[in-house]
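Q: Please take a close look at a single part of this model. Then set that part in the whole chain.

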Amino acid sequence: MSRLKRLLPFLNWPRPDATLLRGEAMAGLTVGLMVIPQGVAYAALAGMPLITGIYASLLPALIAVLFSSSVRLSVGPTALTCLLISASLTGLAEPGSAQWIALAVWLALLSGLLQIVLGFVRFGWLLNLVNSPVLMAFTQAAAVLIIASQLPALLGLGAWDSLAWPAQVHLPSLAFGLGSLAALMLARRWRPGFPTVLAVVVASAGIGYAVGFEAGGGSVIGTLPQGLPMPYLPGWPGWSVLGQLVLPTLVSFLETASSAKVDSSQRGQRWDQDQDLIGQGLAKLASGFSGAFPTSSSFSRSALNLYAGARTGWATVFSVVVVLLALLVLTPLLHHVPMSVLAAIVLVAIVGLIKPRAFVQLWSISRVEAGIAGVTFAVTLLAAPRLYWGVLAGVLMALSHFLYLRLHPRIIEVGLHPDGSLRDRHLWLLPPLAPHLYALRMDAALDFATANGFERAVAEHITVHPDTRHVMLIAHPINWIDATGVEAFGRLREQLDDQRIELHLVGIKLPVEAVLQRAGHLAESPRLHLYRTEADGLRAAAALAEPPD
């Protein structure tokens with residue numbers, strides 16, 4: 001692939017023909033009709049002017065699909081990102097105010113610049129630090145918080161404290177909210193490809209207008225400005241405020257990572273996380289300069305895009321055209337939509353993320369990782385609105401567990417199993433390969449983290465079994481050795497030579513062998529034996545087991 005095509009991924013798109021464009025247009029129409037009401041609903045969740053939800057679905061989506069490798073992802077407003085925006089800006093400004101909008105734009109610009117830089121320096125591997133259990137737990141905790149934030153609007157309550165005064169419940173809002181929720185849930189199960197969200201929005205607007213919902217005290221979307229967004233340049237917030245926005249930017253790419261992995265696996269291609277960082281970063285910059293908030297990849301809309309048959313980025317281009325037409329022509333139709341309907345739209349998109357069974361399954365796989373996921377879930381809830389502490393806690397615990405495993409490698413004494421394989425001698429109650437022979441295998445690299453454990457295992461065995469005359473190292477699992485490992489191997493050779501113990505190396509890999517050769521630790525010696533395969537090593541062990549003539 002040429003450098004130009006790597007920098008401009010849209011040059012790799014297939015040349016469109018009538019058949020391709022017809023299918024992509026249908027997929028784009030399906031997603032475009034869904035993103036319009038969703039964008040308005042998510043803007044309310046972020047505390048932003050509702051029109052910015054449509055702004056964030058326009059130019060950012062187009063920029064992302066042109067410069068990302070995952071071309072079938074639907075980029076725009078998402079519930080998780082909007083919750084992070086609201087949580088990050090709480091206490092810094094009043095929701096919906098000019099300062100709140102400016103800070104949300106700064107959040108988009110900072111996260112966008114960070115992702116572009118990380119992508120260009122090929123630091124996409126940093127995303128691998130957030131493992132699946134941490135991401136799953138954080139997503140579910142965030143989903144719980146989103147549901148809790150939307151329930152008052154759905155039930156027609158002014159706030160949670162309205163539960164103590166049932167007279168404040170607005171019954172028409174309650175009816176619109178529960179009715180919309182039921183319709184969306186049923187349609188999601190029976191007709192997932194139908195633009196139910198748009199149908200519910202249009203129907204609720206018509207019913208609300210007919211019954212005088214707004215005049216009766218109901219909360220509605222209201223008048224939205226028409227026309228394209230104007231370029232927006234935020235004022236300087238000061239270094240202290242800007243510093244408080246740094247941590248949330250580190251979490252903003254997690255939703256894209258989850259969606260992109262699914263898309264790449266379905267296409268049978270490797271996920272180019274560096275290029276996606278660049279594309280998503282450019283999309284955030286475009287959103288910020290449009291006066292909107294940070295964007296991300298929507299898992300639900302991306303799934304709908306795949307379900308509708310999208311094959312290339314042309315589907316997103318068509319969906320952007322749909323959003324553009326709606327912005328120019330159809331925004332007056334949203335005036336009478338009840339806010340409780342928007343809450344129902346958010347809830348339906350989020351409720352699928354609540355999967356308690358995932359914790360049960362994780363417990364059956366790894367209790368340690370299940371514990372890490374549980375703590376991540378709890379910290380995310382308790383630290384609200386500072387949700388990023390949940391991710392940071394999970395990452396630190398996961399890295400600590402990883403480091404513990406690296407510092408405590410699996411080192412076993414092997415014996416010959418009846419099936420012909422070498423297995424843990426003590427676990428399977430196998431005899432030693434030969435008298436006075438210690439055959440061990442270390443399932444890890446020989447580096448600074450494992451060198452001490454490797455030396456200790458050999459020394460402890462010789463101390464307990466002073467009659468040991470041979471040490472056989474099954475070395476094929478060792479695929480890497482560093483300077484500390486080389487020093488440890490050299491010390492081991494000297495100690496074995498001093499005790500007149502012979503060392504047998506079986507299946508040593510060429511890169512490891514080359515390093516030890518350069519260090520002078522594989523020089524020919526009557527007490528050093530090299531075997532290329534396990535079969536050669538087993539024959540040598542069998543010869544040692546035979547009585548001398």
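A: D447 is buried, with a relative accessible area of 3%. Buried means under 20% relative accessible area, exposed over 50%, and partly exposed in between, with a 1.4 Å probe and protein chains only. The model is predicted: local features need pLDDT of at least 70, side-chain atom pairs count only at pLDDT 80 or more, and totals for chains, interfaces and linings use all residues. Residues are numbered from 1 along each chain as its sequence is written, and side-chain values use heavy atoms, with hydrogens and water left out.

D447 lies in a loop. That loop runs between strand 5 (437-442) and helix 20 (451-464). Helices (H or I, at least four residues) and strands (E, at least two) are DSSP runs, numbered from the N terminus.

The side chain of D447 meets that of R406 in a polar contact of 2.3 Å. A polar contact is a pair of N or O atoms within 3.5 Å; within protein, one must be able to donate a hydrogen and the other to accept it, and residues adjacent in sequence count only if both atoms are side-chain atoms. R406 is also among the contacts of D447 once neighbours within four places in sequence are left aside. Contact here means heavy atoms within 4.5 Å.

Two other loop residues are exposed. L429 has a relative accessible area of 74%, and R500 has 59%. L429 sits between strand 4 (422-424) and strand 5. R500 sits between helix 21 (483-498) and strand 7 (502-506). Their backbones call for a note. Most residues other than glycine have a negative phi. L429, not a glycine, has a positive phi of about 55°. R500 is also not a glycine, and its phi is positive, near 60°.

Now the whole chain. It holds 23 helices and eight strands. Of its 549 residues, 50% are buried. Its C-alpha trace spans about 105 × 60 × 50 Å along the principal axes. The radius of gyration is 30 Å, whereas a compact globule of 549 residues would have one near 24 Å. That radius is taken over C-alpha atoms, and the globule rule is 2.2 Å times the number of residues to the power 0.38. Among contacts in the chain with a separation of 6 or more, 81% join residues 24 or more positions apart.
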